[in-house]
Amino acid sequence: MSEERGKGAIILATLRSRISDGEYRPGYHLPPQRALAEEFEVSRDTIQRVLEELKTEGWIESRQGSGSTVRVTLPIHVTTQPKVPPGRIALGPFVARAFAQSVVELDVFTFTSESLDTHMRVQSDAIRNGQIPAPERIAIRILLPSESTELPYPRARVPVDSTADVKELDRILQARTREIIRRHTSSLRYALRNLKTDGLVPEVVVSVREVPLVPTHKLYLRRGVEGLIGPYKIVERRLLMEDDTEIDAWDVLGLGSTLIRLVHDEGDPNAVGSVFMQSWQDWFDSCWHRYDLP
């Protein structure tokens with residue numbers, strides 16, 4: 001029984017992390033209890049207890065016959081780092097620490113901005129609901145791969161003897177990815193700018209610049225304070241298209257990737273963390289000022 005309880009704690013931490021990092025987005029239906037039990041190799045009773053705890057904490061809502069769904073408004077943990085599997089640092093608490101300041105400054109280099117969109121909407125809802133104080137200013141700078149840059153992923157994965165038109169499949173996959181980039185960038189802009197429109201935050205600036213680069217790592221920086229950097233994982237998965245067709249593809253996955261935390265040491269600017277932090281900030285600034293594409 002104690003072993004099951006121990007596994008339950010790990011599963012609870014894992015599901016919290018998947019939600020806070022955007023792998024399970026607001027409105028997302030969690031996998032069935034049977035599937036979760038098989039994935040984590042535990043009984044359905046253990047999964048039921050975990051889901052009940054997530055419901056109590058405000059992460060999910062459940063309806064009989066409809067399963068469990070991630071809530072649109074998620075709980076906010078500003079100062080507490082949630083328990084996550086060893087070797088991982090969650091994005092959620094990093095963003096929450098930024099929004100705990102009177103002036104929110106974030107620099108981001110990302111592939112699609114999907115994870116960022118999730119966390120921006122979580123913080124926006126928290127401000128609206130009075131869960132956290134409204135900051136005086138929000139300034140977000142985002143670097144994204146330009147429309148003219150060919151994306152190396154996703155790419156169709158088809159058998160050698162297949163008669164499928166690989167170039168056409170790749171074109172469809174690329175168009176899908178571009179739409180994801182546009183949709184999530186627009187979503188986070190809308191969520192944050194409306195805070196100013198509605199008189200909740202005096203100043204909101206969300207700036208996006210396109211660069212002729214495709215990130216191999218996701219990068220999040222709180223200027224002069226801390227940063228997160230983590231590699232995108234190349235995975236094989238089946239992608240669902242808008243017309244409900246499916247394409248087997250090689251893709252990059254940022255959700256769930258290992259994030260390394262860089263912390264600036266005010267007492268020692270030559271400390272390893274300080275040097276790495278400043279190096280990545282200098283790199284971001286140089287890209288920001290070098291590329292000012294329409």
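Select serine 113, which sits in the loop between β3 (103-109) and α5 (114-128); helices here are DSSP runs of H or I of at least four residues, and strands are runs of E of at least two, numbered from the N terminus. Serine 113 is not a glycine, yet its phi is positive, at about 65°, and with a relative accessible area of 1% it is buried (buried means under 20% relative accessible area, exposed over 50% and partly exposed in between, with a 1.4 Å probe and protein chains only).

Before moving on, note that this is a predicted model, in which local features need pLDDT of at least 70 and side-chain atom pairs count only at pLDDT 80 or more, while totals for chains, interfaces and linings use all residues. Residues are numbered from 1 along each chain as its sequence is written, and side-chain values use heavy atoms, with hydrogens and water left out.

Next, select glutamate 41, in the loop between α2 (33-40) and α3 (44-57). Glutamate 41 also is not a glycine and has a positive phi, of about 60°, but it counts as exposed because its relative accessibility is 63%. Most residues other than glycine have a negative phi, and most peptide bonds are trans.

Then go to proline 154, in the loop between β4 (137-145) and β5 (155-156), where a cis peptide bond with omega of about 0° joins tyrosine 153 to proline 154.

Just after α6, glycine 199 has a positive phi of about 75°.
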